Amino acid sequence: YLAAVIASYMAGLAVFRRTYQSLQEQSLQLFAPMITAAFLLADRLTFVDPVAKLAPMCLLSGAYGVINAVGTDMAGTMCFVLTGHLTKITNAIVDRFSTLAGKKPIDAFGMFRSVSVFSGFFFGALAAWGGVKYVPSLKDRGLLSLMGTVYGA
């Protein structure tokens, strides 16, 4: 099971790499519907057979491989490494006011990127909490479809 999930993630990375090498920026037009379809299909498979986990997990793992590759290669950041971004934000603020660090100016682009990743995580978690609180049936079905649609957008 774990080997299949890891292999699926690596397959997603490989699909991104090969497609991006061929099509460059145009590849985004393929990745958005591909990711959305993987999430929709994983949700559907989970709904049809709640016990079967291998196929949905492999679909999601491959989709996340593509998502993370897009973030790394096209946006220049790793979207899932929240602690690293929080460290960058904190260090930049401390260094700005610290005489020991020479009161370094804050790198605006780096700070914007880290704050954007943190904000995306925070508001995504808030939306997930709100969705599950006010629409509890999302836990049983529909949540992956919703996430895939957001990622694909």
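Biologist: Is Lys103 buried, partly exposed or exposed?
Modeller: Lys103 is partly exposed. Its relative accessible area is 43%. Bear in mind that this is a predicted model.

Biologist: Where does Lys103 lie?
Modeller: Lys103 sits in a loop. The loop runs between helix H4 (82-97) and helix H5 (108-134).

Biologist: And what about the phi of Lys103?
Modeller: Lys103 has a positive phi, about 45°, and it is not a glycine. In general, most residues other than glycine have a negative phi.

Biologist: New topic. At what angle do the axes of H1 and H2 cross?
Modeller: H1 covers residues 2-23 and H2 covers residues 28-48. Their axes cross at roughly 155° and come within 10 Å.

Biologist: Which makes H1 and H2 roughly what to each other, parallel or antiparallel?
Modeller: Roughly antiparallel. Angles over 145 degrees count as that.

Biologist: Which residues in H1 and H2 meet?
Modeller: From H1, Val15, Phe16, Thr19, Tyr20 and Leu23. From H2, Leu30, Phe31 and Met34. By class, that contact has seven nonpolar residues, one polar and no charged ones.

Biologist: Let's take Thr19. Buried or exposed?
Modeller: Thr19 counts as buried, because its relative accessibility is 17% and the cut-off for buried is under 20%. Thr19 is part of helix H1.

Biologist: What is Thr19 in contact with, leaving aside its neighbours within four places in sequence?
Modeller: Gln24, Ser27, Leu30 and Phe31.

Biologist: Phe31 again. Which residues are buried in H2?
Modeller: Phe31 is one of them.

Biologist: Where do the buried residues of H2 fall, seen down the axis?
Modeller: They fall within an arc of 150°, so they line one face of the helix. As a rule, an α-helix has 3.6 residues a turn, so residues three or four places apart point the same way.

Biologist: Which exposed residues does the face of H2 turned away from its buried side carry?
Modeller: Gln29 and Val48.

Biologist: What should H2 span?
Modeller: H2 has 21 residues, so at 1.5 Å a residue it should span 30 Å. Its end C-alpha atoms are 30 Å apart, which agrees.

Biologist: How many residues has H5, and what does it reach from its first C-alpha to its last?
Modeller: H5 has 27 residues and reaches 37 Å. That is close to the 39 Å expected.

Biologist: Last one. Which residues of H5 are buried?
Modeller: Gly110, Met111, Ser114, Val117, Gly130 and Gly131.

Notes. Residues numbered from 1 in each chain as written. Predicted model: local features only at pLDDT ≥ 70, side-chain atom pairs only at ≥ 80, totals over all residues. Heavy atoms only, no water. Helix = DSSP H or I, 4+ residues; strand = E, 2+ residues; numbered from the N terminus. Buried < 20%, exposed > 50% of the residue type's maximum accessible area, 1.4 Å probe, protein only. Axes fitted to C-alpha atoms, helices over the stretch in contact; angles between N-to-C directions. Parallel < 35°, antiparallel > 145°, perpendicular 65-115°, else oblique. Contact = heavy atoms within 4.5 Å. Nonpolar A, V, L, I, M, F, W, Y, C, P; charged D, E, K, R; others polar. Expected span 1.5 Å × (residues − 1). Arc of directions from axis to C-beta.
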